[in-house]
Amino acid sequence: TFNGTWKVDRNDNYEKFMEKMGINMVKRKLASHDGLKITIEQNGDKFHVKESSNFRTLEIDFTLGVTFEYSLADGTELSGSWAMEGDMMKGTFNRKDNGKLLTTTRIVQNDELIQSYNYEGVDAKRIFKKD
Ligand code: MYR
């Protein structure tokens, strides 16, 4: 289950990923130590996610398979949706500014939530532990 509060523990290739996204070095440095915490409440197809980091706090509701809008901390807007594939969440989003695809997955393994990201051929991961 994805339910619970998850705090980022470590990143894998996240700075390279952000560079590909066009985020400048100062912001990348800050973002790689953003203390991101996410609280996930799943009820069937419906999710409520609370996000908090050094940058902001926000709450978002979405339903699997239903398109919604999401803005990154730097203001970049995405539009897309999450789907469930087995025990993996698969997100398919497009940047609104250039139309390019950003894909992401979430899976819980060994008490860790692993979120992967892909943009323009660059893969990254953020690994979260139960808070
Ligand atoms: C959620 O489920 O937490 C809300 C929706 C998340 C949408 C996609 C997340 C992609 C985040 C990419 C971070 C990139 C930073 C450069």
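**The ligand and its surroundings**

In this predicted model, an oxygen atom of the ligand lies 3.0 Å from an N or O atom in the side chain of Trp82. An oxygen atom of the ligand is also found 2.7 Å from an N or O atom in the side chain of Arg106. If the ligand is taken alone, it exposes 480 Å², and the protein buries 93% of that area.

**Where the ligand sits**

- The space that the ligand takes up is the largest pocket.
- Two or more residues of the shell around the ligand are given by each of these elements: helix H1, which covers residues 14–20, strand E4, which covers 57–63, and strand E5, which covers 68–71.
- Helix H1 provides the largest share of this shell, namely 3 residues.

**Which residues surround the ligand**

- There are 14 residues around the ligand, and those that come nearest are Tyr14, Ile23, Phe62, Trp82 and Arg106.

**A look at Ser81**

- Ser81 has its place in strand E6, the strand that is made up of residues 77–85.
- Is Ser81 buried or exposed? Ser81 has a relative accessible area of 18%, and because buried means under 20%, this residue counts as buried.
- Although Ser81 and Thr63 are 18 residues apart along the chain, their C-alpha atoms are separated by 8.0 Å in the model.

Key: Residues numbered from 1 in each chain as written. Predicted model: local features only at pLDDT ≥ 70, side-chain atom pairs only at ≥ 80, totals over all residues. Heavy atoms only, no water. Near = heavy atom within 4 Å. Polar contact = N/O pair within 3.5 Å; in protein donor to acceptor, adjacent residues only side chain to side chain. Areas by Shrake-Rupley, 256 points an atom, 1.4 Å probe, with all protein chains shown as cover. 1 Å grid on protein atoms, 1.4 Å probe; cavity = no way out; pocket = protein on both sides within 12 Å on 5 of 7 lines; lining within 4 Å. Sits in = over half its atoms within 2 Å of the grid points. Helix = DSSP H or I, 4+ residues; strand = E, 2+ residues; numbered from the N terminus. Buried < 20%, exposed > 50% of the residue type's maximum accessible area, 1.4 Å probe, protein only.
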